[in-house]
Amino acid sequence: MKLDPFYLIVDSADWIERLVRLGVRLVQLRIKDRPEDILQAEIRRAKTICAAYGCQLVINDYWQLAIEEGCDFVHLGQEDLAAADLAALRAAGLKLGLSTHDENELETALAASPDYVALGSVYPTILKHMKWSPQGLERITEWKKRIAPIPLVAIGGLNIERLQGVFNAGASSAAVVTDITLNANPEARTRAWIEFTEPWR
Ligand SMILES: Cc1ncc(COP(=O)(O)OP(=O)(O)O)c(N)n1
Ligand SMILES: Cc1nc(C(=O)O)sc1CCOP(=O)(O)O
Ligand SMILES: [Mg+2]
């Protein structure tokens, strides 16, 4: 499976509406701590927008809702994975991306035959507290060797200036939140990401 090299992660359908129209091809809806009816409405809206613009939508965490809403890609962390019904996910035809942060997590992830493996946090991130030290670029190369031909998503602290190093090290796709959502001009920054990642598309 080929992933788009630019993997946008946002926390609302509003963000998806704002940025996917610019040409984003891979987006994750990552919503935390909202009631189920809101989650369902957000997923529905995100799905409609992504379908209209030919963008692959990935649902973070909420795999049951993703199945119920007819989505086709979920991202799970290791705790999410332990609680998930993989057979149900696969039976519903969902593709699966998995987080990894260390050797043990990589083993667990590979045993689940994921459609991509994410490695983070490559650089320090301000979005969430991480239990692990930043992984660095060498770790990307090591992970790539271990998981090929499964695509590798690099995440954490990424910005445009760091992309060349991340792709040279072996990442298939670069996931990003705050370099775009906290930018003074998220639309311009999104366009810059799309343009910069073009050689890897
Ligand atoms: C592409 C990608 N990689 C990693 C994560 C992190 O997932 P997880 O470890 O489950 O943490 P939360 O995002 O749920 O806080 C991700 N969402 N996407
Ligand atoms: C959601 C997430 N997961 C990570 C992991 O390492 O699993 S790092 C991360 C935050 C990514 O945000 P930013 O691009 O703003 O650093
Ligand atoms: Mg999670």
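This is a predicted model: local features need pLDDT of at least 70, side-chain atom pairs count only at pLDDT 80 or more; totals for chains, interfaces and linings use all residues.
**Entry 1: strand β8**

I began with β8, residues 173-176. Which way do its residues point? S173 and A175 point one way, and A174 and V176 point the other way. I checked burial next: all of them are buried.

Then I looked up the partners of β8. Strand β1, residues 6-10, is joined to β8 by three bridges, and the two run parallel. Within that pairing, Y7 has A175 as its bridge partner. Strand β7, residues 152-155, is also joined to β8 by three bridges, again in parallel. There I found A174 as the bridge partner of A154. I traced the chain between these two strands: it leaves β7, passes through helix α8 (residues 160-168) and reaches β8. This β-α-β crossover is right-handed.

**Entry 2: strand β5**

I moved to β5, residues 95-100. Five of its six residues are buried, so the strand is largely enclosed by the rest of the structure.

I took its neighbours in turn. Strand β4, residues 73-76, runs parallel to β5, with four bridges between them. L76 stands opposite L98 of β5. Four bridges also join β5 to β6, and this pair is parallel too. Here T100 stands opposite L119 of β6. I followed the chain from β5 through α6 to β6 and recorded a right-handed β-α-β crossover.

**Entry 3: helix α7**

Which residues of α7 (residues 137-147) are buried? I listed I140, W143, K144 and I147. Viewed down the helix axis, these buried residues fall within an arc of 105 degrees, so they line one face of α7. On the other side I found E138 and K145 exposed.

I then asked what covers the buried residues of α7. The cover includes α6 (103-111), β6 (116-120), β7 and α8.

**Entry 4: ligand 1**

How many residues surround ligand 1? I recorded 16. The closest are G77, S99, A118, I155 and A175. I next looked up which elements give two or more residues to this shell: they are β5, β6 and β7. Two of these, β6 and β7, are also part of the cover over α7.

Key:
Residues are numbered from 1 along each chain as its sequence is written. Chains are lettered from A and ligands numbered from 1 in the order in which they are written. A residue is buried if 20 or more other C-beta atoms lie within 10 Å of its own, exposed if 12 or fewer, and partly exposed in between; C-beta atoms are placed from the backbone. Two strands pair if DSSP finds at least two bridges between them. A crossover is right-handed if, with the strands pointing away from the viewer, the path from the first strand over the helix to the second runs clockwise. The arc is that of the directions from the helix axis to the C-beta atoms. Two residues are in contact if their C-beta atoms, placed from the backbone, lie within 7 Å. A residue is near a molecule or strand if its C-beta atom, placed from the backbone, lies within 6 Å of it.
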